[in-house]
Amino acid sequence: MNKMVVLGFAALALSLATAATAANKDSRGYTSDQAELAARLPVHVVALNTKVRPQLGFRYRPVGAEIPPPPEPHLAAWEMAAGGGLLGAAIAVAGDYVWHKRKAQENFEPIEKAGCDLQVDAPLQQAVTDAIGRSAWGAKASPVVSAANDRDLDKLVATDESRHVFAVTASLSPDLIALVTSVEVAAYAQSDGRSDWKKTPAWKDQLFVISDPVEPSAKTLADIERMKAEEHARYEASGADALIKKVNARQGDQIDRKNALEAMKLHKKNMAEASLPHWSAESIVRERATMWTQDSCRRMQAAVAQAGSEAGRMLDALYAQQLPPRLALKDEATGEFANERHIRSLPGGVYVSRTWGGVSPPLGYRYDLLPMED
């Protein structure tokens, strides 16, 4: 690891610590008395990613009053092994990033190979621009549409000018249970008289659409046999058997012995996991990946279509002032109806459309996705 990489991860470690301890602040949401100002602001609709990609689950960004997930156990162990301090934190963060990236790549590979990494920028941006056109202030708006794709939003939209920004993203949660779509709406207006107008929005609303969850049925004997057969096929295709025979014949070097041992351990682990009567934490994610690819990506197509229609519906409700009452960070959420999709207001100016009553992925991982080049 060279010096610049270490410095980069040290800076990231500091930013993670700052994000973890920083307190969210309440912001004002859009109200009908801001329609005149909204009509005068340049509008930007930015897709933060163009295709479905998985969230890394690496860096949690606070969303409203949502409680962040606990850190992975291995992170503290890596930091301790690295000796603590800023250097230890940097090494631990680097290892954590590599670990999450590798898991995301492995879990997402079947989805990508099946061509289910669908385009999301066009349908989501169309849903947003259509909603803007239907609003009381946006009939004459001419939104500038662009895509970020791993570039900072500030590189696409100038921050020293008044602006009305719609940042949209759609990505799979780290456990692949759902497609998480967000539309963050923020307006920055020089005309409101504040000196900090470039960084502090005049209004800000966070809208989320969580797709219907993808959950496999209880594991069956047929699933067990299928998983065993898949593991045997993977093991044979890997060439591990030939490598092990080579090592046993004392024809391999130290690297060969290490690779042979790792291959044997992995095969044993996978066979033990396949034999379990229930889905393990890892196998259920792989099963969800398979489910996303079934019937020519039917679930993914439905999730992307649902994201667009729900995002449009939520924006319509926002501009008609028909969303549930906005909640401050100190408020408590109310109005959950189990097994029914509806829009719910959460503390901190957050609105979520999902089927309530079941498991929902965290909202704060949507900005760190598997890099495009991978």
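# Close-up views of a predicted protein model

The structure, which is a predicted model, holds 25 salt bridges. The legends below begin with the whole chain and then turn to selected regions.

View 1. The secondary structure of the protein chain comes to 9 helices and 8 strands, and 45% of its 374 residues count as buried. Among the contacts in the chain with a separation of 6 or more, 72% are between residues 24 or more positions apart. The chain exposes about 19,400 Å², and carbon and sulfur atoms supply 55% of that area.

View 2. The protein chain averages a pLDDT of 87, and 86% of the residues score at least 70. Confidence is lowest in helix α1 (residues 3–21), where the mean is 46, and highest in helix α5 (residues 121–134), where it is 98. Over residues 3–14 the pLDDT is below 50, and this stretch has 16 contacts in the model beyond near neighbours in sequence. Residues 16–22 also stay under 50, and for them the model has 4 contacts beyond four places in sequence.

**View 3. The largest nonpolar core and the elements that build it.** In soluble globular proteins, nonpolar side chains tend to be buried together. The largest nonpolar core here has 61 residues, and those with the most contacts inside it are Ile111, Trp137, Phe166, Leu172 and Leu315. The elements that give two or more residues to this core include α4 (85–113), α5, β4 (163–172) and α9 (281–319), and the largest share, 16 residues, comes from α9. Leaving aside its neighbours within four places in sequence, Leu315 is in contact with Val128, Ala131, Phe166, Val185 and Leu207. A second, separate core has 11 residues, among them Val63, Ala178, Phe208 and Val350.

**View 4. Asn49 and its surroundings.** Asn49 lies in the loop between β1 and β2 (53–54). Its relative accessibility is 1%, so Asn49 counts as buried. The side chain of Asn49 reaches the backbone oxygen of Lys51 at 2.8 Å. Not counting residues up to four places away in sequence, Asn49 also touches several residues, including Val120, Asp121, Asn149 and Leu369.

**View 5. The salt bridge between Asp212 and Arg341.** Side chains of opposite charge can pair when their charged atoms come close. In the pair formed by Asp212 and Arg341, the closest N and O atoms are 3.1 Å apart.

View 6. The side chains of Lys245 and Asp241 meet in a salt bridge at 3.7 Å, N to O. Both residues lie in helix α7 (residues 240–248), 4 residues apart, which is about one turn of the helix. Lys245 counts as exposed, at 55% relative accessibility, whereas Asp241 counts as partly exposed, at 38%.

**View 7. The salt bridge between Arg286 and Glu273.** The side chains of Arg286 and Glu273 meet in a salt bridge at 2.2 Å, N to O. Arg286 lies in helix α9 and Glu273 in helix α8 (residues 254–275), so the pair ties together parts that are 13 residues apart in sequence. Arg286 is partly exposed, with a relative accessible area of 35%, whereas Glu273 is buried, with 8%. Elsewhere, salt bridges that share partners join Arg102, Lys103, Glu106, Lys269 and Glu282 into one network.

Definitions and conventions: Residues numbered from 1 in each chain as written. Predicted model: local features only at pLDDT ≥ 70, side-chain atom pairs only at ≥ 80, totals over all residues. Heavy atoms only, no water. Buried < 20%, exposed > 50% of the residue type's maximum accessible area, 1.4 Å probe, protein only. Contact = heavy atoms within 4.5 Å. Areas by Shrake-Rupley, 256 points an atom, 1.4 Å probe, with all protein chains shown as cover. pLDDT = per-residue confidence, 0-100. Core = buried A, V, L, I, M, F, W, Y, C linked by side-chain atoms within 4.5 Å. Polar contact = N/O pair within 3.5 Å; in protein donor to acceptor, adjacent residues only side chain to side chain. Salt bridge = Lys/Arg side-chain N within 4 Å of Asp/Glu carboxyl O.
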